[in-house]
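Reader: I'm new to this. Could you walk me through reading a protein structure, one feature at a time?

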Amino acid sequence: MTLLRFSLRRVARMLATIVILVPLTFMLFRAVPGDPSAAVVGPDLDPSVAAMLRARYGVDQPIVVQFLRYVANLARGDLGISFHYKQSVGDILLNKLFNTAVLAVPAIVLALLLGSALGAVAAATRRGTIDAVLRNGAFVGRATPIFWTATLALLLFSYHLNWVPSIGMTTPGRGVANTGLGLFASPDFWWHLALPLLVMTLYFMPEPLLTMRTSMADVLREDFIALGRAQGLSPSRIIYRHAARNALLPVVTLMPALTGTIIGGQVIVETIFSWPGMGRAIVDAVNNFDYPMMQGVFLLTAVMAVVVNGVIDVLYAYLDPRVRLA
């Protein structure tokens with residue numbers, strides 16, 4: 001099977017998955033017990049006011065009518081108006097997605113790079129002290145809940161040592177733009193980013209480290225490695241130029257498996273550090289029974305996960321043609 005045909009089949013699967021996700025996302029939140037009107041105004045709400053608010057939000061209509069209207073708006077790229085923020089969900093999510101990306105993307109890249117490098121070092125020093133420290137440290141990191149790590153880091157580095165700020169992306173009153181590329185020119189933003197970035201990097205790192213170590217250990221037993229040693233190549237050249245490159249394929253396949261972990265970790269970290277991103281938006285939307293916001297956040301998150309998985313499949317098929325044949 002050619003790479004183009006393989007890619008087209010993956011795109012078709014992605015589109016089919018997204019089509020299934022739309023009604024699933026819509027029905028999932030309608031099944032949550034609660035009233036959006038009470039969440040906006042309060043529990044002690046006059047029945048006539050509650051009826052007026054439900055009519056205003058459109059949740060008094062039959063579920064089929066609500067769904068058809070939702071699909072029609074979605075086809076036009078309209079995710080609706082947030083009950084809580086009284087703004088377009090699309091505009092809100094664009095801002096939230098940027099805030100999430102400036103935290104999640106560097107954390108994932110650093111975790112993959114550092115984890116792969118340390119995994120290669122651990123494989124090169126198998127059964128040694130360095131290998132034992134890195135391997136056991138990865139096991140501890142993988143077993144430690146991220147909410148515990150984030151809370152401990154917040155208490156230690158922010159409240160006790162006062163080295164870094166505790167919450168938010170910027171310090172109020174500093175005159176720093178809260179969104180956009182202007183953030184990157186602000187030292188205050190980098191100061192706020194340091195601690196949540198450290199927590200998320202440490203949270204994601206164990207999997208690529210352990211995967212790289214295992215993959216490297218297998219590659220180092222291959223015949224071409226023995227041939228390289230027989231030719232007099234230096235150990236560092238064999239390990240880091242030849243073995244490491246061949247051992248990276250299993251690390252690439254980690255991304256689909258890590259998608260759920262990334263989303264879950266992002267929700268917890270953004271909530272603990274009051275980071276105004278997608279994870280925090282999920283929590284606020286659920287607490288406020290904000291149907292349009294919940295639907296928009298979860299649909300966007302699910303679509304991103306589907307697209308990432310599809311891209312990784314195609315990339316892996318490009319790197320290893322045997323996947324296409326299978």
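This is a predicted model: local features need pLDDT of at least 70, side-chain atom pairs count only at pLDDT 80 or more; totals for chains, interfaces and linings use all residues.

Reader: How many salt bridges does a search of the whole structure find?

Author: The search turns up four. One of them pairs the side chains of arginine 135 and aspartate 131, at 3.0 Å from N to O. Another links aspartate 131 with arginine 213, where the closest N and O atoms are 2.7 Å apart.

Reader: Where do aspartate 131 and arginine 213 lie?

Author: Aspartate 131 is in helix α6 and arginine 213 is in helix α9 (residues 206-219), so their pairing ties together parts that are 82 residues apart in sequence. Arginine 135 and aspartate 131, by contrast, are four residues apart in helix α6 (residues 129-143), which means about one helical turn separates them.

Reader: Is aspartate 131 buried or exposed?

Author: Buried, because its relative accessible area is 0% and the cut-off for buried is under 20%. Arginine 213 also counts as buried, at 16%, while arginine 135 is partly exposed at 23%.

Reader: And which residues meet in a salt bridge at 3.9 Å, N to O?

Author: Those are arginine 280 and aspartate 284. They're four residues apart in helix α14, so about one helical turn lies between them. Arginine 280 is partly exposed, with a relative accessible area of 26%. As for shared partners, Asp131, Arg135 and Arg213 are joined into one network.

Reader: Okay, now the gaps. What shows where empty space is left?

Author: You roll a probe the size of a water molecule over the atoms. Here, the largest pocket holds about 480 Å³ of space. It is lined by 20 residues, and Ala104, Ile108, Ile262, Ile263 and Met304 are the closest to its centre. Helix α5 gives the most to this lining, with seven residues.

Reader: By class, what does the lining of the largest pocket have?

Author: It has 15 nonpolar, five polar and no charged residues.

Reader: How many cavities of 30 Å³ or more does the structure hold?

Author: Two. The largest cavity has a volume of about 40 Å³, and its lining residues include His192, Phe273 and Trp275.

Notes. Residues are numbered from 1 along each chain as its sequence is written. Side-chain values use heavy atoms; hydrogens and water are left out. On a 1 Å grid over the protein atoms alone, a cavity is a set of points where a 1.4 Å probe fits but cannot get out, and a pocket is an open set with protein on both sides within 12 Å along at least five of seven lines; lining residues have an atom within 4 Å of a point. Grid points are joined across faces, edges and corners, and a volume is the space filled by probe spheres set on the points. Helices (H or I, at least four residues) and strands (E, at least two) are DSSP runs, numbered from the N terminus. Ala, Val, Leu, Ile, Met, Phe, Trp, Tyr, Cys and Pro count as nonpolar, Asp, Glu, Lys and Arg as charged, and the others, Gly among them, as polar. Buried means under 20% relative accessible area, exposed over 50%, partly exposed in between (1.4 Å probe, protein chains only).
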